[in-house]
Amino acid sequence: MIMENNNDNKVLNVPHLRFPEFSGEWKKHSLGEIGETIIGLTYKPSDVVDNNGIIVFRSSNIKNGMIDYSDLVRVNKHIKDKIITKENDILVCARNGSQRLIGKNAIIKQEDANNTFGAFMMVYRANDNPFILPLLSTKKYFSQVGENLGARINQITTSDFNGFEFYFPENHAERTKIAELFRLLDERIATQNKIIEDLKKLKSAIIEKTFNENYSNKIRLRDVGSYIRGLTYSSDDVVESNGIFVMRSNNIINGSSLDYHNNIVSVNKQILTEQQLQTGDIVICMANGSSSLVGKSSFYDGDCSTPITVGAFCGIYRSKEPIVKWLFQTNKYRRYIWNSLQGGNGAIANLNGDDILRMSFSIPATPAKDNRIKLLTSVDTLLESNISLCDLYISQKLYLLRQMFI
């Protein structure tokens, strides 16, 4: 698609990037001027049924801007026509215990219609919804959500939402073309996410097939590697730049490579030589207020240009045995973690190094082991490539959201 830029602001109230066949200024409108906002269904636990009821969409059913059906509630109750979902409705989380979830939204597709939505949700209904949908991913939208959350705890109202203001092109054809561009982008991102999920399922199936059988060959983590404790530091050690990167729980992408690009803490502190991450190290979350996060692990690809270590609530497992990378992704590993956490160790669920080192696994003998390592390495490479491609599509969308709207 050919576009023109307006980076010199020669015309006021138009976006920086625009389809060249359109001209004229955009005008500000509130969402309440052009559409209707509807609060969802109130229901009781006694209304919930196992099947044959109507689906009630909740915040957990919004995933990556689409409707997810993995956590459904059904109710047996009379539903007013107004709160039956219709194609192109925009479903919005209006109330939640977690503020970061408020305002997240998804378009109702044809297959999502004729259901309903809960009382903590709202639906926005307007003829221009395909154009409005990308607006609800912009910084300006989430800024307006945040401003209203300052007045109310963990909630936005229909009045708040109706008052949100955006600039609109007056030409309906321009709205339609912008909407189609973002629809195609969202469709490509969804397809890419599906490829990633399928590859993860394939990888998981190979891992379980490889390590679930009762081979005579056993491997104990203590015998093929070592455990290194993370770095203890204080807030006084944290610096803006020129420090050592410290990986924490939120940098651990379970079953994938370590994320050392986002949510980084940098410290000015001496570390032990062994505490500096090496290629192939496994980084493990050893303690967390949420027990479900304890034990999650990532592997370090060795590509960070800055010296890098882990914080005190994390640990490092280091081994020259290549197959251990996937042992941390098995169901047996997760069972070990669950068993280690039973009984509790105070308010924070935690492991110690010995919990890791005493784990043992059954593995295939050579050459079957080497063949599985090659296969899993290939799948990991393909998975990482597709994740990177998806990130590029998302970056492209974010760029266009900044440039194509005021």
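Colleague: How many residues line the second largest pocket, and which of them lie nearest its centre?

Modeller: This is a predicted model: local features need pLDDT of at least 70, side-chain atom pairs count only at pLDDT 80 or more, and totals for chains, interfaces and linings use all residues. Residues are numbered from 1 along each chain as its sequence is written, and side-chain values use heavy atoms, with hydrogens and water left out.

Now the pocket. Its lining has 20 residues. Nearest the centre lie Gly280, Phe299, Lys325, Trp326 and Asp380. (A pocket is an open set of points on a 1 Å grid over the protein atoms alone, where a 1.4 Å probe fits, with protein on both sides within 12 Å along at least five of seven lines; lining residues have an atom within 4 Å of a point.) The space inside is about 320 Å³, a volume filled by probe spheres set on the points, which are joined across faces, edges and corners. By kind, the lining splits into 7 nonpolar, 6 polar and 7 charged residues. (Ala, Val, Leu, Ile, Met, Phe, Trp, Tyr, Cys and Pro count as nonpolar, Asp, Glu, Lys and Arg as charged, the others, Gly among them, as polar.)

Two helices each give at least two lining residues: α7 (324-327) and α10. (Helices are DSSP runs of H or I, at least four residues; strands are runs of E, at least two; both are numbered from the N terminus.) α10 provides the largest share, 5 residues.

Follow α10 onwards. The largest nonpolar core has 37 residues, with Phe131, Ile132, Phe161, Met404 and Phe405 making the most contacts inside it. (Such a core is a set of buried Ala, Val, Leu, Ile, Met, Phe, Trp, Tyr and Cys residues joined through side-chain atoms within 4.5 Å; buried means under 20% relative accessible area, exposed over 50%, partly exposed in between, with a 1.4 Å probe and protein chains only.) α10 (368-404) supplies at least two residues of this core, as do β10 (90-93), β13 (121-125), α2 (129-135), α3 (139-149), β14 (165-168) and α5 (172-211). The largest share, 5 residues, comes from α5. A separate core of 30 residues includes Ile207, Leu221, Val294 and Tyr317.

Phe405 shows how the parts meet. Beyond its neighbours within four places in sequence, Phe405 touches Pro15, Trp26, Phe131, Pro134, Leu135, Thr138, Ile178, Phe182 and Leu400. (Contact means heavy atoms within 4.5 Å.)

β10 is covered on both faces. Ile90 and Val92 are buried on one side, Leu91 and Cys93 on the other. The strand has antiparallel pairings with β11 (residues 105-107) over 3 bridges and with β13 over 4 bridges. (Two strands pair if DSSP finds at least two bridges between them.) Ile90 faces Ile107 in β11, and Val92 faces Met122 in β13.

The loop between β10 and β11 holds Ser98. Ser98 counts as partly exposed because its relative accessibility is 25%. Ser98 and Gln155 are 57 residues apart in sequence, yet 9.8 Å apart in space, C-alpha to C-alpha.

One more loop, between β18 (265-267) and β19 (282-285), contains Gln275. Gln275 counts as buried because its relative accessibility is 8%. Leaving aside neighbours within four places in sequence, Gln275 contacts Ile228, Arg229, Gly230, Leu231, Ile308, Thr309 and Ile316.
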